[in-house]
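Me: I'm new to reading structures like this one. Could you walk me through it, a feature at a time?

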Amino acid sequence: MTPAKRARPSPRRASASTPPLEAASSAASSAANAPEGYDPSDHPPFAVTVDIVVLTLVDGQLSTVLIRRGEPPYAGRWALPGGFVRPDESLEWAAARELREETGVEAATHLEQLGAYGDPRRDPRMRVVSVAYLAVIDHVGLVTAGSDASDAELVAVADIVGRRADRLAFDHARILDDALETVRARLEDTPLATAFVGAEFTLSELRSVYESAWGTDLDPGNFRRKILAEPDLVEPTGTTRPPGPEGGKPPETYRYASTPMLRSPITRPKPRSPER
């Protein structure tokens, strides 16, 4: 099994993961080759965890998966899926495993390392450094809690930011904010938006990714011209979808082509200045 079922080119995409058995062999080899006289107990112990920010589009709304912690610390509080990295696995394999065990999500369309979080006071149990991952999924089915999670829920990001964010466990509110800003920035110059919409999509569906992430409406005509003018970003499938409730011409469907970076960025609209 691999952590991603359909990888998207990205300037900072996570590298391919190492199978657990190979990782264990590598760890054992490293220990055997330690310099003579080296004593690991000379250094303070700490643990490594992974936390995963799952982002998907549900009914045009940017949404994420939260789990309710079933064990202390923060028992009963909502948190991002995640857990401790085992001695015999790489970070990427740990992220994929925790995603599967705590939510039932088997694989991400796009998985990349987001950053590391190591404030000494972030976990009351001991010194814990967390490596956060961004997992983009084009469709999330039934979310089921597992492992040490008592519940799992797919929640609109708008319902968390500014409302429930301060009630997330650990520093997960900060991690979620960082993931959202990473996605908003990455949409400008990479094809990340195509990871949200499946193998075939309409330009309206693609536009909804930008609108949901940026929190603003985009002009459909200008968006269409911009996307189709970008070399190797999308290509037509030759098929159409049935018209919507309002009727009109059947929309064409497209698929992601091949470009890893956009030649002409799709610039995020600037926030409107408050009226005086």
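Predicted model: local features only at pLDDT ≥ 70, side-chain atom pairs only at ≥ 80, totals over all residues.

Me: Which residues in H4 are buried?

Reply: A general idea comes first: an α-helix has 3.6 residues a turn, so residues three or four places apart point the same way. In H4 (residues 203–214), the buried residues are Leu 203, Leu 206, Arg 207, Ser 208, Val 209, Tyr 210, Glu 211, Ala 213 and Trp 214. That makes nine of its twelve residues, leaving H4 mostly covered.

Me: What covers the buried residues of H4?

Reply: The cover includes two helices, H3 (172–189) and H5 (220–229). Strands E1 (47–58), E2 (61–69) and E9 (252–256) are also part of it.

Me: Which residues touch the most other members of the largest nonpolar core?

Reply: In general, nonpolar side chains in soluble globular proteins tend to be buried together. Here the largest nonpolar core has 42 residues, and those touching the most other members are Leu 55, Leu 62, Leu 187, Phe 196, Leu 206, Tyr 210 and Ile 227. E1, E2, E5 (110–117), E6 (128–136), H3, H4 and H5 each supply at least two residues of this core. Apart from it lies another core of 22 residues, including Val 65 and Leu 111.

Me: Why is H2 largely enclosed by the rest of the structure?

Reply: Count its buried residues: ten of the 13 in H2 are buried, so the rest of the structure largely encloses this helix. Among them are Trp 93, Arg 97 and Leu 99. After H2 comes Gly 104, with a positive phi near 85°.

Definitions and conventions: Residues numbered from 1 in each chain as written. Heavy atoms only, no water. Buried < 20%, exposed > 50% of the residue type's maximum accessible area, 1.4 Å probe, protein only. Helix = DSSP H or I, 4+ residues; strand = E, 2+ residues; numbered from the N terminus. Contact = heavy atoms within 4.5 Å. Core = buried A, V, L, I, M, F, W, Y, C linked by side-chain atoms within 4.5 Å.
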